Amino acid sequence: MGVLVSTTVVYLLNHFMAAKQLVQWGWRLPFLFSGLFLVFLMLARVLLQDDFQFSRQFTLTEMLKSMQESYVSLSMLFFIIMGAAVAYYLYNIFDMSYFHHALTLSYSTSLLVSMAGTIPLMVFIPLGGWLSDCMGRKVVLQLATGALFLLSLPLYGLFALGTLT
């Protein structure tokens, strides 16, 4: 949802502002909006009550011991997050540049394509959570990662054609 909102804000700025204004001062607006939203989130976080189990403070020694005992799990988590970061970069940064430079689409059209691609994620992420409950998280992570790599290559081939027919 955050990606969709941020892409929408950038699209609206790109659509309603002149390129010169956007470069001079308009690029600051998304940071201002996110700062205002951050104040709201911090206030919500302060007002929320923690469960008793989570309110206990851990010492640095306890945290380091826990990290030492579970370094394999932490390493796997690192690579899972790295895979998600690479997918995010490819989808939200590289694709828009590729659409604009290789396919000569306008920035506005590139942003619209990115927004349209984000909407199915709003369905697939909860669906992935449900499948993870049913099949196990490991199977779902392996299927999703495999699909990401296997489907990305033909997708860029389709982009290069410039048409789906």
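Helices are DSSP runs of H or I with at least four residues, strands are E runs of at least two, and both are numbered from the N terminus. Helix H4 (60–69) and helix H5 (71–101) each supply at least two residues of a nonpolar patch. This is a predicted model, where local features need pLDDT of at least 70, side-chain atom pairs count only at pLDDT 80 or more, and totals for chains, interfaces and linings use all residues. Residues are numbered from 1 along each chain as its sequence is written, and side-chain values use heavy atoms, with hydrogens and water left out.

**The surface patch**
- Patches are made of residues with over 30% relative accessible area and no salt bridge; like charges are joined within 9 Å, and nonpolar side chains (Val, Leu, Ile, Met, Phe, Trp, Tyr) within 5 Å.
- A salt bridge is a side-chain nitrogen of Lys or Arg within 4 Å of a carboxyl oxygen of Asp or Glu.
- The nonpolar patch here consists of Phe-58, Leu-60, Met-63, Leu-64, Met-67, Leu-74, Leu-77 and Ile-81.
- Together they have about 790 Å² of accessible area, by the Shrake-Rupley method with a 1.4 Å probe, and for residues only the protein chains shown count as cover.
- H4 gives the most to this patch, four residues.
- Ile-81 belongs to helix H5.

**The core**
- A nonpolar core is a set of buried Ala, Val, Leu, Ile, Met, Phe, Trp, Tyr and Cys residues joined through side-chain atoms within 4.5 Å.
- Buried means under 20% relative accessible area, exposed over 50%, and partly exposed in between (1.4 Å probe, protein chains only).
- The largest nonpolar core has five residues: Leu-4, Tyr-11, Met-96, Leu-111 and Met-115.
- Helix H1 (2–16) and helix H6 (107–135) are the elements that give two or more residues to this core.
- Beyond its neighbours within four places in sequence, Tyr-11 is in contact (heavy atoms within 4.5 Å) with Ser-108, Leu-111, Leu-112 and Met-115.

**Ser-108**
- Ser-108 sits in helix H6.
- Ser-108 is buried because its relative accessible area is 18%.
- Leaving out residues up to four places away in sequence, Ser-108 touches Tyr-11 and Asn-14.

**Thr-104**
- Thr-104 lies in the loop between H5 and H6.
- Its relative accessible area is 65%, so Thr-104 is exposed.
- Phi of Thr-104 is near 50 degrees, a positive value in a residue other than glycine.
- Most residues other than glycine have a negative phi.

**Leu-22**
- Leu-22 is part of helix H2 (residues 19–24).
- Leu-22 counts as partly exposed because its relative accessibility is 21%.
- Not counting residues up to four places away in sequence, Leu-22 touches Leu-13, Asn-14, Met-17 and Trp-27.
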